[in-house]
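Q: I would like to learn how to read the features of a structure model. Can we take them one at a time?

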Amino acid sequence: MADVTSRAELSPEQDTPLQTGTPDGNALIIHPQTSPYNWLRRWRVTLVTAGFAVLLAPFTSIGSWLSPVESSINPANYALRTKRVLETTPLIDGHNNFPWLLRVELHNRIYDGKFDPNQRLLGYTDISRMRRGMTGDPSWIVRDTLEQIDVAKRFIAESPESGRIASMLGIEGGHQLGGSIAAVRQVYDLGVRYITTTHNCDNAWATSASTVAKGGADNGLSPLGAAYIREMNRLGMMIDLSHVSHQTMRDALSITQTPVIFSHSGAYSVTPHLRNVPDDVLRSIRRTRGIVMAVFVNRFLNMHDPSAVTIHDVVDHIWHLAEVASQEHVGIGSDFSGTPFTPSGLEDVSKYPDLMELLMAREATDDQIRLLAGDNLLRVWESIQRRAREIQAQGEKPVEEEYEGRKWHKGYKSSPYMYRETRERAARENWGYPDQFNVAVKAENDL
């Protein structure tokens, strides 16, 4: 797909313009609303993780939040201001596990008449509440990977094209790919556009936060993990560092050639949970122009009294993330449908406008809410795609590294090998013969 004519915008952190254009033509988004990132409308369905991105301006100076709002709206009318912002900016939540529920509860069967996504469902997510929440782009998380990609795409295809809510696909945990970088390329071709590097366990690429929480060593990124980072950069796929250990965060940020994302994490300085992001990493996110998407999981927001968590705790985390990482590097990553409890005031996907209104009450401007609601993630995504095109233009080949200790199939003693040394080894180690040569033919009267 040809690039759309780009527009230049100046970052408050640099004097050089950032060009916005079309990422690869293999990602989906159909959105009835307008946005500075109009190329989003032209994408096809891709990722397996639902997310709504929302970014704020730097909180380092409260004065910077006081720029005038449109004169036609009372600045204190937060509901009307929020409605106007979300009518022109897609609200992108970086992490929603709804397709996992399709697997667990429906065994991926969505055509038997039982499932109607437009009806009011229990839990946090359904189409009607997403529309009330003015959701523009949920990121659906994959568990049993290929089947989840399949059911997510079928679910999307069942929706009428007119007014369809955009979706992107992401894989939560590299263990799903068996440590195979070749598998990364395959899921990219299927439309996945981000991978959460680890989930709640280590894998061949990296150490998880859960391992460290249980007293395990924080070994950070492995050598194969460094190769995974290179291939993700080359492909133009978003590297998600939610769930990884703090050393893995630092290791990945030290070598990546593109921005990274945290699809659903909080601020460690506000709540010292290992799933949250320390301030030194937030500063690296600012330097590398990535994004941290604020999570709604109670225990990440208040470790000591999760049952007391409210929407105001989420505001506090967003505020700190923006103070340290700056307004261009914060978003929303709820983890709806993946967590049993959410903050009071954020009971489901219809409540996003309430969060925006509270931020406005703290003197966030409409432009800052637009960044939080989606423009920041779109800028990160486009930057990753642009850098990938540059890497590919330089002729960089796909990564071929494999995990240490992998065992390969040996073949048979009589196979027609390409090289003499293989034939000699097969004979020396007596690799055997295919079972098909040992099958006795039954007599005709036995058949």
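Q: Does Arg289 count as buried or exposed, and at what relative accessibility?

A: This is a predicted model. The cut-off for buried is under 20% relative accessible area. Arg289 has 11% relative accessibility and therefore counts as buried. Arg289 is found in the loop between α9 (279-288) and β8 (291-294).

Q: Where is Asn430 found, and what is its phi?

A: Asn430 is found in the segment after α14 (420-428). Asn430 is not a glycine either, and its phi is positive, at about 50°.

Q: Which residues of α9 are buried, and what do they pack against?

A: An α-helix has 3.6 residues a turn, so residues three or four places apart point the same way. In α9 the buried residues are Asp279, Val281, Leu282, Ser284, Ile285 and Thr288. They pack against α8 (246-255), β7 (261-265), β8 and α11.

Q: How do α9 and α11 cross, and at what distance?

A: Two packed helices are described by the angle between their axes and the distance between the axes. For α9 and α11, the axes come within 8 Å and cross at roughly 60°. That angle makes α9 oblique to α11. The crossing of α9 and α11 is right-handed. On the α9 side the contact is made by Asp279, Leu282, Arg283 and Arg286, and on the α11 side by His320, Leu321, Val324 and Ala325. Sorted by class, the contact of α9 with α11 has four nonpolar, one polar and three charged residues.

Q: What is the angle between α7 and α13, and which residues make the contact?

A: The description takes the form used for the previous pair. Helix α7 (residues 223-235) packs with helix α13 (residues 366-393) at an angle of about 100°, and their axes are 6 Å apart. That makes α7 roughly perpendicular to α13. The contact is made by Asn233, Arg234 and Leu235 of α7, together with Ala388, Ile391 and Gln392 of α13. These residues of the contact of α7 with α13 divide into three nonpolar, two polar and one charged.

Q: How do the axes of α1 and α12 cross?

A: The axes of helix α1 (residues 78-88) and helix α12 (residues 352-361) cross at roughly 120° and come within 9 Å. Angles of 65 to 115 degrees count as roughly perpendicular; α1 and α12 are therefore oblique to each other. Their crossing is right-handed. From α1 the contact takes Tyr78, Ala79, Arg81, Thr82, Val85 and Leu86, and from α12 it takes Pro353, Met356, Glu357, Met360 and Ala361. By class, the contact of α1 with α12 has eight nonpolar, one polar and two charged residues.

Q: How many residues does the largest nonpolar core have, and which of them have the most contacts inside it?

A: The largest nonpolar core has 67 residues. Those with the most contacts inside it are Val184, Ile195, Trp205, Tyr228, Ile318, Leu355 and Leu359. Helix α11 (residues 311-325) gives the largest share of this core, nine residues. Another core lies apart from it, with twelve residues, including Tyr194, Ile261, Met293 and Leu377.

Q: Which residues does Val184 touch?

A: Not counting residues up to four places away in sequence, Val184 touches Leu177, Ile195, Trp205, Tyr228, Met232, Leu235 and Met237.

Q: Where is Thr196, and what is in contact with it?

A: Thr196 is in strand β5 (residues 192-196). Its relative accessibility is 0%, so Thr196 counts as buried. Leaving aside neighbours within four places in sequence, Thr196 is in contact with Ile171, Glu172, Gly173, Gly174, Asp240, Ser242, His243 and Ser263. His175 is 21 residues from Thr196 along the chain, and their C-alpha atoms are separated by 9.8 Å.

Q: What totals describe the protein?

A: The protein has 14 helices and nine strands. Of its 447 residues, 55% count as buried. Among the contacts with a separation of 6 or more, 74% are between residues 24 or more positions apart.

How values were computed:
Residues are numbered from 1 along each chain as its sequence is written. This is a predicted model: local features need pLDDT of at least 70, side-chain atom pairs count only at pLDDT 80 or more; totals for chains, interfaces and linings use all residues. Side-chain values use heavy atoms; hydrogens and water are left out. Axes are lines fitted to C-alpha atoms, for helices over the stretch in contact, and angles run from 0 to 180 degrees between N-to-C directions. Helices (H or I, at least four residues) and strands (E, at least two) are DSSP runs, numbered from the N terminus. Angles under 35 degrees count as roughly parallel, over 145 as roughly antiparallel, 65 to 115 as roughly perpendicular and the rest as oblique. A crossing is left-handed if the near helix is turned anticlockwise from the far one by less than a right angle, and right-handed if clockwise. Contact means heavy atoms within 4.5 Å. Ala, Val, Leu, Ile, Met, Phe, Trp, Tyr, Cys and Pro count as nonpolar, Asp, Glu, Lys and Arg as charged, and the others, Gly among them, as polar. A nonpolar core is a set of buried Ala, Val, Leu, Ile, Met, Phe, Trp, Tyr and Cys residues joined through side-chain atoms within 4.5 Å. Buried means under 20% relative accessible area, exposed over 50%, partly exposed in between (1.4 Å probe, protein chains only).
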